[in-house]
Amino acid sequence: MTADQWIALVAGIVGGALRVGAPFLFVSLGECLTEKSGRINLGLEGVLVLSAMAAFGGAYLTDSAWLGVLIGAAAGAVLALLHGLLCSLDRVNDVATGIALMLLGTGLAFYLGKPLIQPQAPQLPAIPLGFWSDNTVVQSALQVNALVPVGIVLAGLMYWGFARTRAGLLVRMAGDSANATRALGYSVSGIRVAATTAGGFIAGLGGASLTLFYPGSWNEGISSGQGLIAVALVIFARWSPLRCVGAAFLFGGAGAIGPALQSIGVGWGYHLFNTVPYVLTLVILVLTCKPGSVAIGSPGELSSTR
């Protein structure tokens with residue numbers, strides 16, 4: 001390959017990591033907040049799909065991409081709130097409830113989103129990171145979702161909040177020891193419901209980035225399991241919001257290899273490269289989840305999830 005092709009390839013992977021990694025970033029941050037409180041939400045796939053549909057529909061009806069983002073995030077928060085409330089009941093299992101709500105969220109999205117498959121909605125603005133290059137391929141590859149800086153700042157705020165604020169301490173305490181939280185007079189269920197709802201709102205931003213930037217349309221196969229992969233990302237990131245940023249862009253870059261190669265004329269193995277994020281998920285789970293041991297950084301209550 002020529003030097004220009006190498007530059008275009010690297011730019012394609014970097015730009016793709018930022019584009020493809022945006023949904024991973026928000027969903028993993030949302031799950032990180034939820035799990036820090038001692039609750040698992042496997043319904044994030046449903047949250048992602050429902051919020052993607054709601055964001056697209058909201059932007060289409062209001063003719064505003066940013067209003068669409070808020071509507072998508074609100075839809076994610078509502079579904080996550082339902083998960084939090086159900087899991088607060090006695091003898092209700094977090095994992096089973098999450099799977100049920102994943103099916104509910106995707107089913108609602110597919111049903112309500114039927115009229116939205118053909119229309120076009122306003123899209124989020126792009127940040128041109130390729131302004132330094134005269135190569136049009138590089139310029140096109142480095143068009144970045146305007147929500148990406150929001151996600152990075154949010155990760156920093158979450159990291160600071162967990163370490164420095166009273167609310168962050170309460171979330172961590174509820175996740176590490178429910179008994180200690182109750183002994184201090186706080187409601188474990190209330191903290192977890194609030195954290196789960198906020199996590200759904202954050203994950204909803206990831207759904208909005210799917211339909212309002214890349215790929216920028218609504219269809220029933222838009223998620224491709226990214227909500228479930230995000231659960232593995234949180235384990236890989238050791239429940240650290242800042243490491244979630246790196247993990248999300250790592251997976252985004254893995255998913256961008258195929259399109260980046262295709263952009264410079266290399267078409268062989270395109271579908272094979274599309275499997276890289278899923279293979280990477282399996283490898284991470286095998287390496288980080290050992291039977292009989294608790295992952296480093298894991299909230300203590302997760303090991304006793306009902």
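The model is predicted, and I required pLDDT of at least 70 for local features and 80 or more for side-chain atom pairs, while totals for chains, interfaces and linings use all residues. Residues are numbered from 1 along each chain as its sequence is written, and side-chain values use heavy atoms, without hydrogens and water.

I next looked up charges over rings, taking NZ of Lys or CZ of Arg within 6 Å of the ring centre and within 35 degrees of the ring normal. Arg-19 places its charged end over the ring of Tyr-214, 5.6 Å from the centre. Lys-36 lies over the face of Phe-162, 5.4 Å from the ring centre.

I then turned to helix packing, with helices taken as DSSP runs (H or I, at least four residues) numbered from the N terminus. Axes are lines fitted to C-alpha atoms over the stretch in contact, and angles run from 0 to 180 degrees between N-to-C directions.

I found the axes of α2 (residues 44–62) and α10 (residues 226–236) coming within 7 Å and crossing at roughly 135 degrees. In contact (heavy atoms within 4.5 Å), Leu-44, Glu-45 and Leu-48 of α2 meet Gln-226, Gly-227 and Leu-228 of α10.

For α3 (residues 65–87) and α9 (residues 188–212) I noted an angle of about 140 degrees, with the axes 6 Å apart.

How values were computed:
Helix = DSSP H or I, 4+ residues; strand = E, 2+ residues; numbered from the N terminus.
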